[in-house]
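Have the viewer open and follow along.

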Amino acid sequence: MTDANEWFLENHDHLRDLGITLESQREGYVRLSLPYDESLANPGTGVMQGGIVATLIDHGGGAAIRTTLENPRETTHASTELNVSYLRPATADLTAEATVVRSGRTRGVVRVDVTAETPKGVKEIAVGRVSLYLDRG
């Protein structure tokens, strides 16, 4: 396993400012969290802005793919496609579980499921897919 994901979060101001944290990781999988904050919500709604959820999904894709790379801090990788299906309003702390579907020589695909703990139990908030370019040299 690598410390590349911890390093990435520590050195990425935007993700750090949002409050995204790495909960766990293993090869091909990461679990991230993002605490609810009113400042991330659309004004007057109490619902997190969709771009915040998309950012969590995008970062989940990159973090998961890094767990499959031999040299994750040196291997260039970038999102080439981001798909988000919003299922429910995001009104609580979020958890993202990202699972690598494929990590090939030049392309990777990651599925990301975003959930929230609500008074009625864990609810699906969004489902995403991130396609990435990988430059393994």
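## The pocket

Start with the lining of the largest pocket: Phe8, His12, Leu15, Thr55, Asp58, His59, Gly62, Arg66, His77, Ala78, Ser79 and Leu132. Two elements each give two or more residues to that lining, helix 3 (50-66) and strand 3 (76-86). Helix 3 puts in the largest share, with 5 residues. A pocket here is worked out on a 1 Å grid over the protein atoms alone, as an open set of points where a 1.4 Å probe fits, with protein on both sides within 12 Å along at least five of seven lines; lining residues have an atom within 4 Å of a point. Helices (H or I, at least four residues) and strands (E, at least two) are DSSP runs, numbered from the N terminus.

The volume of this pocket comes out at about 160 Å³, taken as the space filled by probe spheres set on the grid points, which are joined across faces, edges and corners. Sorted by class, its lining holds 4 nonpolar, 6 polar and 2 charged residues. In that sorting, Ala, Val, Leu, Ile, Met, Phe, Trp, Tyr, Cys and Pro count as nonpolar, Asp, Glu, Lys and Arg as charged, and the others, Gly among them, as polar.

## Where the model comes from

This is a predicted model, so local features need pLDDT of at least 70 and side-chain atom pairs count only at pLDDT 80 or more, while totals for chains, interfaces and linings use all residues. Residues are numbered from 1 along each chain as its sequence is written, and side-chain values use heavy atoms, with hydrogens and water left out.

## A closer look at Ser79

Ser79, one of the lining residues, sits in strand 3.

Skipping neighbours within four places in sequence, Ser79 is in contact (heavy atoms within 4.5 Å) with Asp58, Val130, Ser131 and Leu132. Its C-alpha atom is 9.7 Å from that of Arg107, 28 residues apart along the chain.

## The strands

Strand 1 (residues 21-26) and strand 2 run antiparallel, joined by 5 bridges; two strands pair if DSSP finds at least two bridges between them. Gln25 faces Val30 across this pair, and Arg26 has Tyr29 as its bridge partner. The hairpin between these strands has 2 residues in the link, and Gly28 takes a positive phi near 85°.

Strand 2 also pairs with strand 4, antiparallel over 6 bridges, with Leu32 opposite Ala96 and Arg31 opposite Glu97.

## The core

The largest nonpolar core has 32 residues, and Ile20, Leu34, Leu56, Leu94, Val110, Val112 and Val114 touch the most other members. Helix 2 (13-18), strand 2 (29-34), helix 3, strand 4 (94-103), strand 5 (107-118) and strand 6 (121-135) each give two or more residues, and helix 3 gives the largest share, 7 residues. Such a core is a set of buried Ala, Val, Leu, Ile, Met, Phe, Trp, Tyr and Cys residues joined through side-chain atoms within 4.5 Å.

Technical notes:
Buried means under 20% relative accessible area, exposed over 50%, partly exposed in between (1.4 Å probe, protein chains only).
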